[in-house]
Amino acid sequence: MIPYALSKNSMPVGIQDVPRGLACNCICPACSAPLIARKGKRKSHHFAHYRQPECTNALESSLHLMAKAVLKRSTKIVLPPIYLHGRERAVEYARLYQYGSVRAEAYLQGMVPDLILETPDNKVLVEIAVSHSSRSDKIWKLQQARLAAIEIDVLDLHLELAGMGKGGDLCAFSEAIIQGIRHKKWLFNPKQHALEYQCRERSDRKKVKHKQFDGRHHHIVESCPEGKRFRRSGPREGCSYANVFSDCLHCSYCFEIEYAKKHVGYRQIATQPAYVYCLGHK
Ligand code: SF4
Ligand SMILES: [Zn+2]
């Protein structure tokens with residue numbers, strides 16, 4: 001089912017904006033084939049290819065196009081809250097960002113984001129995700145360029161709306177794109193990056209030791225400021241330590257657990273904990 005189509009003058013349109021059948025005068029945003037507007041009583045209203053099977057990318061292309069059109073027409077968007085690594089409380093709540101101009105598919109510092117929303121002294125990049133989310137090399141480039149960027153998962157957003165019976169409802173779609181935060185996430189935010197850097201600098205970077213006792217493998221860090229566990233014997237008797245997974249993972253003083261990584265093919269995968277960034281001594 002195609003929720004949005006392109007009109008003959010290449011403008012994205014919703015099903016409620018056009019007359020029924022071939023009179024809608026629309027084409028498929030993916031393959032440019034003529035579409036008909038199906039506005040029956042049994043199924044939710046949608047576009048379909050005229051006398052041919054649906055092409056593979058019609059849904060994704062229509063969502064991508066419409067999301068871009070919505071943000072080009074708007075001058076504001078609610079940006080998602082900022083959370084520090086592993087924290088549940090936001091350091092900055094969702095906020096309204098008002099922009100003066102929009103550039104689409106423009107080259108910027110080695111990247112071509114879907115949209116750049118600009119004010120005279122700020123810019124926020126927007127990636128519209130429809131099938132796969134942004135790859136790590138893109139995030140790395142954003143980090144190097146210190147550019148704020150969000151990703152909007154429009155496929156998830158559309159599926160949620162479809163579940164509420166608003167699959168092709170352009171008003172609901174626009175409102176979710178502009179006002180909603182459920183399907184937005186920061187790919188990179190310079191403020192979050194700076195705060196996380198400060199926290200890492202302030203924390204005690206404890207090396208994880210890998211020990212075998214009681215017939216089990218244990219990941220432990222020495223000198224736990226919270227005194228989670230104490231040695232009962234041996235040369236370090238009475239000294240405190242913590243178990244990474246039983247104690248640090250749930251501890252409010254644990255800022256981050258850094259994992260050792262290894263390459264599998266061209267991907268990096270985390271293997272076992274290497275360091276705990278502990279803020280317990282502060
Ligand atoms: S993170 Fe918590 S449990 Fe782990 S060493 Fe620090 S204070 Fe102890
Ligand atoms: Zn098509």
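Here is the tour, starting with some ground rules.

This is a predicted model, where local features need pLDDT of at least 70, side-chain atom pairs count only at pLDDT 80 or more, and totals for chains, interfaces and linings use all residues. Residues are numbered from 1 along each chain as its sequence is written, chains are lettered from A and ligands numbered from 1 in the order written, and side-chain values use heavy atoms, with hydrogens and water left out.

**Select the zinc ion (ligand 2).** Its protein donors are C28 (SG), C31 (SG), H49 (NE2) and C55 (SG), at 2.1 to 2.3 Å. Donors here are N, O and S atoms within 2.8 Å of the metal (3.2 Å for Na, K and Ca); water is not among the atoms, so sites may look incomplete. Along the sequence, the donor residues follow the spacing C-x2-C-x17-H-x5-C. Why is the arrangement called tetrahedral? Because the 4 donor atoms subtend angles of 101 to 117 degrees around the zinc ion, and four donors count as tetrahedral if all angles lie between 85 and 135 degrees.

**Now show domain 2 and domain 3.** The contact (heavy atoms within 4.5 Å) takes 4 residues from each of domain 2 and domain 3. About 370 Å² is buried between domain 2 and domain 3, meaning accessible area (1.4 Å probe) lost on putting the two parts together, summed over both. Finish by selecting H85, R87 and E196 in domain 2: they lose the most area to domain 3, together 94% of what that side buries.

Key:
Tetrahedral: all angles 85-135°; square planar, octahedral: opposite > 155°, others 65-115°.
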